[in-house]
Each structure stands twice: as C-alpha cells, then as structure tokens.
Amino acid sequence: RSTQGVSSAASDVYKRQVCQHCIRKTETFWRLLSYIRPYKLIAAAGFILTLAVTGISLLPPLLNEMLIDEVLVPVIGEYSQLSKNNVSLEDWSPPEQAVTLLAWIVLGLLSIHLGRALINGLRTYCLGWIGQRVVFDLQTEIFNYLQFMSMSFYSRMSTGRVMNRVTGDTDRMRMFITRGFQDMVISVPVSYTHLRAHETDSYLV
C-alpha cells in the first residue's frame, strides 16, 4: 500500500506543470551545490587549485610589462641614440643589467608555464573525481525516483526521453557543479588578465 501511495504521488508530481518563472533560482542553485557537500574537502582543494591557476595566469602580463619597460625600451632607446650620433655600433652591446633581467624574465616565464601545467593537472584530476561521484549520486537518486513511477508514466514518456534525462541532464548538471561555478568565480581576474595583455599589445604597436 505504501508503494502505491509513493507511485501515485510521483505521478501527481509529473502531471503538474512547473512554471519556469516561478522557480526560485537561488534555492535551486544551493540545492545543486548540496551534491558537493559529501566531497567538500576535495572540492575545496579543487577550488584552491583553480585560484592558484588563475593567480599564476596573472603573472605573464606583469613580466611582459617589465620586459618592455625595463629591457626593450631602454635598450632600443640607447641604440637609437647612438645611431643618431653616428657612433660606431660594432662594439656596442646591451647593458649587463638588461641582459641579466632578460634572463630572469625568461626563466620566470618558463617556471610559470611549468607550474601552471602541474597545478592544472591536479585541478583536472580533482574536478574529474568529484564529477564522477556527483553523476553517480544524481543518477542513483533519479533511478530510485523512477522506480516509484506508475506504468502510465512510462506509457506517456518515451524510453529515449527518459534516458536523456538520466544521462544528458545529469552530465550538464555535473559540468555546472564542478566547473561552471568555479569558472563564474574566476571570470573577473581572468578578464583583468586579458585587459592587461591587450594594453601591453597596444603599447607595443
């Protein structure tokens, strides 16, 4: 009798049409994030790694700015000044300070790219680990819910549509939970990085 009651309630839920404008998006958002709660430590590690990757991505524009302002511009200015004064340039060499700084900048850029690749690899592993478990929890919950649906429900719903809900929709929810939220948080510093890079390119031109 209890099983029939659950089946009848599930069918009633299906029959009711949900107004998309009446959905409380804030509650839905926090409900989606609740699936991460059992794996909050790994999720926190993935979020910290995401912030680390974002922070490292902010460094190359700063090094490029230093390369232009403290290496290229002074050296090119000195070279142009000597050329205007008709001074022989055969024995001329860039200042030792500029050469040393150039070497440090190149080394810094290489270190940044290697560090970013390593941290991004760890981040990808953490997000993938969480994503698979979130999909498992979501699909298990959906399958358990489908067990109590009436036979008339399966008569109205095609098999392909049901499977699409179980697989396709849960995968999109996984992408939002594991990546979409973090990408939304880090979009501001990334936009700042692109702006600085654009300003540097404009200055070179």
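The accessible surface of the protein amounts to about 14400 Å², of which carbon and sulfur atoms supply 63%. These values, like those that follow, derive from a predicted model. Of the 205 residues in the protein, 26% are buried. Among contacts with a sequence separation of 6 or more, 85% join residues 24 or more positions apart.

The secondary structure consists of seven helices and zero strands, giving the pattern α-α-α-α-α-α-α along the sequence. The mean pLDDT of the protein is 75, with 71% of its residues at 70 or more. Helix α5 has the highest mean pLDDT of the elements, 88, whereas helix α1 (residues 2-15) has the lowest, 45. Across residues 1-17 the pLDDT remains below 50, and this stretch has 15 contacts in the model beyond near neighbours in sequence.

The buried residues of α3 are A43, G46, L49, T50, V53, T54 and I56.

Aromatic pairing was considered next. The model contains one aromatic pair. This pair is formed by Y39 and W129, whose rings are arranged edge-to-face, with a centre-to-centre distance of 5.7 Å and an angle of 90° between the planes. Y39 is located in the loop between α2 (25-33) and α3 (40-57), while W129 belongs to helix α5 (residues 96-146); the pair therefore ties together parts that are 90 residues apart in sequence. The two partners fall into separate accessibility classes. Y39 has a relative accessibility of 16% and therefore counts as buried, the cut-off being under 20%. W129, with a relative accessible area of 26%, is partly exposed.

Technical notes. Residues are numbered from 1 along each chain as its sequence is written. This is a predicted model: local features need pLDDT of at least 70, side-chain atom pairs count only at pLDDT 80 or more; totals for chains, interfaces and linings use all residues. Side-chain values use heavy atoms; hydrogens and water are left out. Rings of Phe, Tyr and Trp (its six-membered ring) pair if their centres lie within 6.5 Å; planes under 30 degrees apart count as stacked, over 60 as edge-to-face and the rest as tilted. Helices (H or I, at least four residues) and strands (E, at least two) are DSSP runs, numbered from the N terminus. Buried means under 20% relative accessible area, exposed over 50%, partly exposed in between (1.4 Å probe, protein chains only). Contact means heavy atoms within 4.5 Å. Accessible areas come from the Shrake-Rupley method with a 1.4 Å probe; for residues, only the protein chains shown count as cover. pLDDT is the predictor's confidence in each residue, from 0 to 100.
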